[in-house]
Amino acid sequence: MVPGAAPGAELTSWRVADDSGSSDSWKIAQAIMAATDAGNQIISISMGSYGDSSVLRDAVAYAQSKNVVIVASSGNDGYTRSAYPAGYDGVIAAVGVDAQNNHLLFSN
């Protein structure tokens, strides 16, 4: 918690990985839809995939149709393209920068 940062905000979370840390587009899509249906206004996703998935794309579109803002990791592999869902139109792609605001080489 950061004192004073959005003191009226309510935080919720959805598990999208199993005990070994593995996930897939279906689990992420289910969480996006559940978070949207629960009334969340912002969804932050710290993972992604390089495979475009119609299930994930449809879940993002559903959330966006309900005016939900999605922020997602662009990836940490040094690629020139973002992972999904960050690569979808309308999703805010989060990237890594250093203290001088320079793009980190490993960040997509």
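Tutor: Start with the cut-off: buried means under 20% relative accessible area, exposed means over 50%, and partly exposed lies in between. Ser-107 has a relative accessible area of 2%, so Ser-107 is buried. Keep in mind that this is a predicted model.

Ser-107 sits in the segment after β3. Set aside the neighbours within four places in sequence. Ser-107 then touches Ser-74, Gly-75, Asn-76, Gly-78, Val-95 and Gly-96.

Mean pLDDT for the chain is 90, and 95% of the residues reach 70 or more. Among the elements, strand β3 (residues 92-94) has the lowest confidence, at a mean of 93. Helix α2 (residues 54-65) has the highest, at 98. The chain holds two helices and three strands. Read from the N terminus, the order is α-β-α-β-β. The radius of gyration is 14 Å, close to the 13 Å from the globule rule for 108 residues, so the chain is as compact as a globular protein of that length. Along the principal axes, the C-alpha atoms fill a box of roughly 40 × 35 × 30 Å.

Burial over the whole chain comes next. Of the 108 residues, 29% count as buried. The accessible surface is about 7,100 Å², and carbon and sulfur atoms account for 53% of that surface. Take the contacts between residues at least 6 apart in sequence: 63% of these join residues at least 24 apart.

Ser-53 belongs to the loop between β1 (42-45) and α2. Its relative accessible area is 14%, so Ser-53 is buried. Beyond four places in sequence, Ser-53 is in contact with Ser-25 and Tyr-88.

Arg-57 is placed in helix α2. Its relative accessible area is 36%, so Arg-57 is partly exposed. With neighbours within four places left aside, Arg-57 is in contact with Asp-52 and Tyr-88. Ala-29 is 28 residues away along the chain, and the two C-alpha atoms are 8.1 Å apart.

Most residues other than glycine have a negative phi, and most peptide bonds are trans. Asn-67 has a positive phi of about 65°, and it is not a glycine. Asn-67 is in the loop between α2 and β2. Its relative accessibility is 69%, so Asn-67 counts as exposed.

Asn-101 also has a positive phi, near 70°, in a residue other than glycine. Asn-101 lies in the segment after β3. At 59% relative accessibility, Asn-101 counts as exposed. Ser-107 is in the segment after β3 too, yet Ser-107 is buried, at 2%.

One peptide bond needs a look as well. Tyr-84 and Pro-85 are joined by a cis peptide bond, with omega about 15°. Pro-85 is in the loop between β2 (69-73) and β3.

To recap the states: Ser-107 is buried, and so is Ser-53. Arg-57 is partly exposed. Asn-67 is exposed, as is Asn-101.

Conventions:
Residues are numbered from 1 along each chain as its sequence is written. This is a predicted model: local features need pLDDT of at least 70, side-chain atom pairs count only at pLDDT 80 or more; totals for chains, interfaces and linings use all residues. Side-chain values use heavy atoms; hydrogens and water are left out. pLDDT is the predictor's confidence in each residue, from 0 to 100. Helices (H or I, at least four residues) and strands (E, at least two) are DSSP runs, numbered from the N terminus. The radius of gyration is taken over C-alpha atoms; the globule rule is 2.2 Å times the number of residues to the power 0.38. Buried means under 20% relative accessible area, exposed over 50%, partly exposed in between (1.4 Å probe, protein chains only). Contact means heavy atoms within 4.5 Å. Accessible areas come from the Shrake-Rupley method with a 1.4 Å probe; for residues, only the protein chains shown count as cover.
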